[in-house]
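Below is a short note on the model, for a colleague who will be working with the coordinates.

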Amino acid sequence: MSELTKLTISAARDALRKGEVTSAQLTEACLTAIDGADALNAFVHKTPEIAMAQAKAADARGYADAAALSGIPLGIKDLFCTKGVPSQAASNILKGFKPEYESTVTSQLFDAGAVMLGKLNMDEFAMGSSNETSCYGDAVNPWKVDDRKLTPGGSSGGSAAAVAADLCLGATGTDTGGSIRQPAAFTGITGIKPTYGRVSRWGIVAFASSLDQAGPMTKDVRDSAIMLQAMSGHDPKDSTSADIPVPDFEAALTGDIRGKTIGIPKEYRLDGTPAEIEKLWNDGAAMLRDAGAKVVDISLPHAKYALPAYYVIAPAEASSNLARFDGVRFGHRAKLAAGDGITEMYEKTRAEGFGHEVQRRVMVGTYVLSAGFYDAYYNRARRVRALIKRDFDQAFAAGVDAILTPATPSAAFGLGDMTEADPIQMYLNDVFTVTVNLAGLPGVAVPTGMDAQGLPLGLQLIGRPWEEGDLLNIAYSLEQSAQFVAKPAKWW
Amino acid sequence: MSIDEGTARRVAKLARIKVEEEALPALAAEFSAILGFIEQLNEVDVDGIEPMTSVTPQRLKRREDVVTDGSQQAAVLANAPDAREGFFAVPKVVE
């Protein structure tokens, strides 16, 4: 039975259509795997009753003309509101919150026939790069090379761990500064953050609204294309979702990239980048060249300012978005002392409900938006953001189809290794990914190699706006050349 | 820029997060480190560059000004920590 959970979405789809397996069998196999993987702390709210009901319904409908994800068991990041199922954004301030509504993304996935196995661990409010800020405790990377437990990355750490450990066939993630791509790279899986506006944000707990996008985290590129297709499209409930057609992403996967131009940005060659990351990057460029692409050096001169701009804009938007957690309408309310008024209620509730990193970011955001500093910090960061986007616009205008970079500056590190470091050390994890959110572009992480310890490493491809199909096709070519097939040995 | 304890106290108040007095020095030091990192932005020449308002040039869609939802009092109140007689209940706001 455990072999069933190792299937890709496309292989399971074929097996369901041929009648070789039922969704009930697939789903039961995943539920068994999940129950045996508590050591990974990936699934934090299990929904076996919902899963089996959805699986049986899919089987009853049959697979002759079935929707794209019919009968496919998935995990859902805890950031997505799911009706009647705890949706906490991994925060104590939303303890007990059971939405009365369903997010647009999960609605679309269910309409496409998908089965929900449960909710997945993450960093609190998606703020973190190691899944160590979660109110549920750390999610653990299924990859292991010694006695240490490693981070699966963050913020979508539970999603990454669950897919890499074959607990589900695919999972949803969200990405504000790298939260799909960094954990995908740390666990040897594929994840794409689509163009800003491709996927509706409605019903996803907001972190930084101008940067947040949801996307799939899957075992290969084809599965990302299939899942992204089902997640995408205009939603009247999200005014920033684009009202443009969604092309057939899977049909774009020809593997033919002859004549494509791939840019290598020189500013991404950072001092102190490990030699094996450099080699991975050079090898990836060679693979694309061998597949018929033209590889050219490009310049993104403002790239080095992306992280500081992000750490103004994202906290500023977070401080505004998280103002809604006030102990009045949902979630936690602190116990009050005699004589406490409404201000004490807010202050005690938010002090108890928010973890340390969330408090820090809300307060940094409050500071950069406060009178006297708004122009010096927030407006300046938005100007720099415009320049960062202009760098990409100019590269694409010069004929570049996609940009190749490392996904992360290192392989997965140990849980607890960064506890004593200052927050900026953790923020540096996003150095290669954060530009993509600031420019609103699609970016995909693909596993292409291993480091000397035997941990997976990934490369990132950045595409033109709305060209996820072309981007996924280039990623598909890279995947075929790299032939990354390693899996973590089961220890949990 | 270095953030002092008074500024940290003021920011915590603005953010409506209770921070104990003894935690303020460490918080101020963290803010100083983060703001020091952000200071790099001062190196960038942003003359003549407008602050970005939307990453994708777009005009927000409008819809008909009609009622599309409502009459869901029970659902709206279902997750409230304290709801009474069809309302959210909070501590006394005015004396």
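1. Two residues are in contact if their C-beta atoms, placed from the backbone, lie within 7 Å. This is a predicted model, in which local features need pLDDT of at least 70, side-chain atom pairs count only at pLDDT 80 or more, and totals for chains, interfaces and linings use all residues. Residues are numbered from 1 along each chain as its sequence is written, and chains are lettered from A, with ligands numbered from 1, in the order in which they are written.

2. Confidence. The model has an ipTM of 0.96 and a pTM of 0.97.

3. Interface. Chain A contributes 58 residues to the contact and chain B 37 residues. On the side of chain B that touches chain A, the elements giving two or more residues are helix H1 (5-14) and helix H2 (24-38) of chain B; helices here are DSSP runs of H or I, at least four residues, numbered from the N terminus. H2(B) supplies the largest share, six residues. By type, that side of chain B has 26 nonpolar, three polar and eight charged residues (nonpolar: Ala, Val, Leu, Ile, Met, Phe, Trp, Tyr, Cys and Pro; charged: Asp, Glu, Lys and Arg; polar: the others, Gly among them).

4. Pro423(A). This residue lies in helix H14 (residues 423-427) of chain A. Leaving out residues up to four places away in sequence, Pro423(A) touches Arg360(A), Glu30(B) and Ile34(B). Arg360(A) is 63 residues away along the chain, with a C-alpha separation of 9.8 Å. Pro423(A) counts as partly exposed because it has 17 C-beta neighbours inside 10 Å; buried means 20 or more other C-beta atoms within 10 Å of the residue's own, exposed 12 or fewer, and partly exposed in between, with C-beta atoms placed from the backbone.

5. Helix H12 of chain A (residues 356-369). Its 14 residues reach 20 Å from first C-alpha to last, close to the 20 Å expected at 1.5 Å a residue (1.5 Å times one less than the number of residues). Ten of the 14 residues are buried, among them Arg361(A), Met363(A) and Tyr367(A). The cover over the buried residues of H12(A) includes helix H10 (306-321) and helix H13 (374-397) of chain A, as well as H1 and H2 of chain B.
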